[in-house]
Amino acid sequence: MTTDKIIELKNVSKSYDEKPVVSSVSLTIKKGEFVTFLGPSGCGKTTTLRMIAGFEKPTSGTIYISGKDMTTSPPYDRNVNTVFQNYALFPHLNVYNNIAFGLKLKSIPDGTFFVDKNGNKFENLRKLTKDEIAAKVKTALKMVDLEEYEKRNVSSLSGGQKQRVAIARSLVNEPDVLLLDEPLGALDLKMRKDMQIELMNMHKKLGITFLYVTHDQEEALTMSDTIVVMKDGIIQQIGTPQKVYDEPANAFVADFIGESNIFSGIMVTDFNVKFCDHSFECVDKGFKYNEPIDVIVRPEDVSILSSDDARAALLATISSCVFKGDHFQITAIIAGGEDYEMLIHDNVNCRPGDKVGLYIKPSDLHIMHKARIINEIVTEMWDTNTVEICGGKFPCQCDLPSGTKVKVSVDFDDVIIYDDENDGIIGGEIVNTIYKGNYYQCVVRTDTYYDFFADTEDEWLKGDRVGISVAPDKILITKLEETI
Amino acid sequence: MVEKSTLKKLFERSYIVIALVLLYTPIFLMIVFSFFNTSSFSFSKGMSFNAYIQLFTSSNASTLGQAFKNTLLIAAISSVTATILGSFASIGIFAMSKRSRKIVENVNQLPVINSEIVIAVALMLFFITFRFPDGYTRLLLGHISFCTPYVVLSVMPRLMQMDSNIYEAALDLGAKPLRAIVSVIIPIILPGILSGFAMAFTISVDDFIITQLNKGTTSGIETLSTYIYSSQHTAGGLKPYWFAAFSIIIVVVVGALLLINLRRYKKTPSKRAENSR
């Protein structure tokens, strides 16, 4: 085992009442790294952090800290310290005693040895002296710029000051890893920006590994060496900020980090992709011919040209243009297609109605496999002309008898979503919505944890309960051969 | 228009006055009577300290003193025990899952909502069925059992107000569970524990029904409340020294309250000054 790895997670999963929160997460964190867990709320990032801190026990999997299996060790045996979102300072202690709390409990080797009956040699431990504690607290206070505040009551501090005390309280114990659970979430914007820079400086100066949890993509991009993007308890991508931004692993990552245009397209041949009813040259290869793919274009990678420019790959009509300080945010409707919308960041001022040409460099077209191209569910016939899907009885056109094992396929645009859960055959919760130029792709999670992909005209709000149904003639059923 | 609003104001102001007069006149009257050495509520005997002297010199003085001691002893033992039990119970209840916490909290409230006579009879049946020794054992167990829920009721809100990560923060900094409870949780909920103790002490001193039904006839234990009840029966009316005894209690309680509030009042401005610095 190399000493280089400070934390290693192997297939770590956690579920509450059968409901998976973190699913088979594996990753390694190198000593001295600044790693950020990034994802929307409820994606399992905080739970993962809490398992590393020791507040939660994984349902399965192993956690190694400094090479030792610490999966079930209690928090007080782990050399990691946590900074909580709402500070969790001890209100009955002043600033000095808050910071000294950990030091007073600590035992260190005192340089003398004793040998037991069996000849094993142990180093004796001792508590820190008062002066040692005072010196360490003083250094910690200096690091967070609160030298004058030793005697102050923590309730008299401002939010930013409390956060600094919380950071000092953790760092003073010289942990191997500092865990930060959305530590800047409760601060205002300006304070947050300042603390970001201070945390980065502390990280550089101390060389301690920082593990940071946030849902703020900008914070993650600014501060981290490595970003771990999570969704639904599953790691979507691990990479440097630049890599995660420039080469998102899938449509979710692209949509979550930065702004982006996401289109469904077809990879016609190597280096040739078709989307928005136009063909483009690209730099990707190795896809199957005519494979359905997702294309991602960052708004700042689209340039606006005059409509008669020879380089223009697309013609479009401007529908809105908003000044954003350092650029214009422009939306344009692409001509000659089904009203696909393109979001553009450029510093050209245009007026709605203007006809323009658009150009995208081949290397700025990010092409990725689709997570799924059709909804497929393995299930059983309920009865002739009725099939069971996710606990609901769906009418269909199929004369197989009850109990036959079948595979059901439903196209994305054949899934009908209802506002009222009771209007559908089964209910579900919207877990994701991505705009794809001229329609929305939503993911509806049924109560049996199957994710239905649906293409709809309307935008559905994440977290809403909706009803799902499918027209009987749109349910494609194939009989599964019994395998022994 | 103008008249109407002044009338309204008058009503608003007189309301508090009426409430205070109704509350305090009887107490004031009792203190006045305590100086007139009377059991027939007349002023014919003139003003004197006789009632106060009788407290220590009358033939009943020793019984009265014993009743006073019993009251304090039972209240002290049962409220301290109830405070310890109730505080740790609260920490345990707080650590439960949300659903079981709700259930236990409701079960805990039952003795508080329930009428006291029901508890008194239930305790009596319980003690007789299982042949608990007569006297102090029964009284103490009875008082502890009905004081504990009040302590839980007063400690729980403190725990709920506490930052939910406090306990975890203590563990994170190297404290073992017991250490975290003793040096972090208990100091934070201390105000709740103290007010729970005060409440338990007061209701134990106050209690009549449970004590009366469970003290047993042979043990001869009397507390202030049971003794005043029996002496009123046997001697035909309240003796004047009772007024003296209660006047003393009121003065002591009001004095203690004033002292606590004055100290708190003195503390607050200094804290404010610190904040504004």
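Chain A is split into domain 1 (5-79 + 175-246), domain 2 (261-369) and domain 3 (375-479); these bounds come from an automatic or database domain assignment. The C-alpha centres of domain 1 of chain A and domain 3 of chain A are 35 Å apart.

A few words on reading the model. It is predicted, so local features need pLDDT of at least 70 and side-chain atom pairs count only at pLDDT 80 or more, while totals for chains, interfaces and linings use all residues. Residues are numbered from 1 along each chain as its sequence is written, and chains are lettered from A and ligands numbered from 1 in the order in which they are written.

**Hairpins of chain A**

Helices (H or I, at least four residues) and strands (E, at least two) are DSSP runs, numbered from the N terminus. Two strands pair if DSSP finds at least two bridges between them.

Let's start with strand S1 (residues 5-16) of chain A, which is joined by eight bridges to the antiparallel strand S2 (residues 19-30) of chain A. Here Glu8(A) has Thr28(A) in S2(A) as its bridge partner.

Further along, strand S23 (residues 375-383) of chain A pairs with S24(A) in the antiparallel sense over two bridges, and Met381(A) has Val387(A) in S24(A) as its bridge partner. S24(A) also pairs with strand S25 (residues 392-395) of chain A, again antiparallel, and this pairing has four bridges. Thr386(A) stands opposite Pro395(A) in S25(A).

| Hairpin | Residue with positive phi | Phi |
|---|---|---|
| S1(A) and S2(A) | Asp17(A) | near 45° |
| S23(A) and S24(A) | Asn385(A) | near 65° |
| S24(A) and S25(A) | Cys390(A) | near 50° |

Which residues of strand S24 (residues 386-389) of chain A lie on its covered face? They are Val387(A) and Ile389(A), whereas Thr386(A) and Glu388(A) make up the uncovered face. In a regular strand the side chains alternate between the two faces of the sheet.

**Positive phi in two loops**

Tyr87(A) is a residue other than glycine with a positive phi, near 70°. Tyr87(A) sits in the loop between strand S6 (80-83) and helix H2 (95-105) of chain A. Is Tyr87(A) buried or exposed? Tyr87(A) counts as buried because it has 24 C-beta neighbours inside 10 Å. For reference, a residue is buried if 20 or more other C-beta atoms lie within 10 Å of its own, exposed if 12 or fewer, and partly exposed in between, with C-beta atoms placed from the backbone.

Phe271(A) is not a glycine either, yet has a positive phi of about 65°. Phe271(A) belongs to the loop between strand S13 (261-269) and strand S14 (272-275) of chain A. With 13 other C-beta atoms within 10 Å, Phe271(A) is partly exposed.

**Helix H1 and the cores**

Helix H1 (residues 45-53) of chain A is mostly covered, with nine of its nine residues buried. Among them are Lys45(A), Arg50(A) and Ile52(A). After H1(A) comes Gly54(A), with a positive phi near 100°.

Two residues are in contact if their C-beta atoms, placed from the backbone, lie within 7 Å. Leaving out residues up to four places away in sequence, Ile52(A) touches Ile7(A), Ile63(A), Val80(A), Leu179(A) and Leu211(A).

A nonpolar core is a set of buried Ala, Val, Leu, Ile, Met, Phe, Trp, Tyr and Cys residues joined through C-beta atoms within 7 Å. The largest one has 122 residues, and those that touch the most other members include Ile52(A), Leu358(A) and Ala170(B). Helix H6 (residues 136-161) of chain B provides the largest share of this core, nine residues. A second, separate core has 21 residues, including Phe394(A) and Ile468(A).

**Chain B and the contact**

The contact takes 19 residues from chain A and 16 residues from chain B. On the side of chain B that touches chain A, helix H7 (166-172), helix H8 (177-206) and helix H11 (240-276) of chain B each supply at least two residues. H7(B) gives the most to this side, with five residues.

In helix H10 (residues 224-234) of chain B, the buried residues are Leu224(B), Thr226(B), Tyr227(B) and Ser231(B). They lie on the same side of H10(B) because they cover an arc of only 160° around the axis, taken from the directions from the helix axis to the C-beta atoms. The buried residues of H10(B) pack against helix H3 (61-95) and helix H9 (209-214) of chain B.
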